Amino acid sequence: MKFDVKSREDAVRMSYEALQENIVIISITDMFSEIPDFATNERIKGVLKLQFNDVEGWEDGHISSNDSNKIIDFVEKFVGAIEKIVVHCEYGISRSAGICAAIMLILNENDDYVLEHPYFCPNIYCYRSVLQAYFNCNSKENRFSNITDYRLSHTV
């Protein structure tokens, strides 16, 4: 599985290009800002559109547990049917990096690329929120069989 962290502008531009892989997009915009308009492209298998601000959990407008659950459900729905997950936020530095790192850890058991990359400054609250949603739900019920199967089949 490949992962890509992008800015809003780059994600929209990418959606209009000739894509070589089946992808999904997790689109994160600031609250009350305009939602991006992605191209209709047969390679884009799904777009999850979320709105929350780049803030910590004690501040208004942060990622909610509902947002995190939507991310997990979205990934679980498409894992195995896509080659790449694209996560974007306004600038492609913080929220998208935190969420992408969490998904990488869940699917590949390795988030080093994002967490150690000098360009990214992952929002750790977003990172922890997505991981918490995955592990809380995973322990309560077996609705993540696609993710579990994917991890087992892609273990080196």
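What covers the buried residues of H1? In this predicted model, in which residues are numbered from 1 along each chain as its sequence is written, local features need pLDDT of at least 70 and side-chain atom pairs count only at pLDDT 80 or more, whereas totals for chains, interfaces and linings use all residues. Side-chain values use heavy atoms, with hydrogens and water left out.

Helices (DSSP runs of H or I, at least four residues) and strands (runs of E, at least two) are numbered from the N terminus. In helix H1, which spans residues 8-15, the buried residues are Arg8, Ala11, Met14 and Ser15, where buried means under 20% relative accessible area, exposed over 50%, and partly exposed in between, with a 1.4 Å probe and protein chains only. Because these buried residues fall within an arc of 130° when H1 is seen down its axis, they line one face of the helix; the arc is that of the directions from the helix axis to the C-beta atoms. The cover over them includes strands S1 (2-7), S2 (23-29), S3 (44-51) and S4 (84-89), with contact taken as heavy atoms within 4.5 Å.

A nonpolar core is a set of buried Ala, Val, Leu, Ile, Met, Phe, Trp, Tyr and Cys residues joined through side-chain atoms within 4.5 Å. The largest such core has 36 residues, and those with the most contacts inside it are Ile26, Ile71, Ile85, Ile99 and Ile103. At least two residues of this core come from each of S1, S2, S3, H2 (65-78), S4, H3 (95-108) and H5 (124-140), and H3 gives the most, with nine residues. Leaving aside residues up to four places away in sequence, Ile103 touches Phe3, Ile26, Ile71, Val75 and Ile85. Another core, of eight residues, lies apart from the largest one, and Leu19, Ile23, Ile25 and Phe38 are among its members.

Tyr16, in the loop between H1 and S2, is exposed, with a relative accessible area of 54%. When residues up to four places away in sequence are not counted, Tyr16 touches Asp37, Phe38 and Ala39. Tyr16 and Thr40 are 24 residues apart in sequence and 8.0 Å apart in space, C-alpha to C-alpha.

Most residues other than glycine have a negative phi. Phe32, in the loop between S2 and S3, has a positive phi near 70°, and at 79% relative accessibility Phe32 counts as exposed. Glu109, in the loop between H3 and H4 (112-116), likewise has a positive phi, of about 60°, and Glu109 counts as exposed at 52% relative accessibility.
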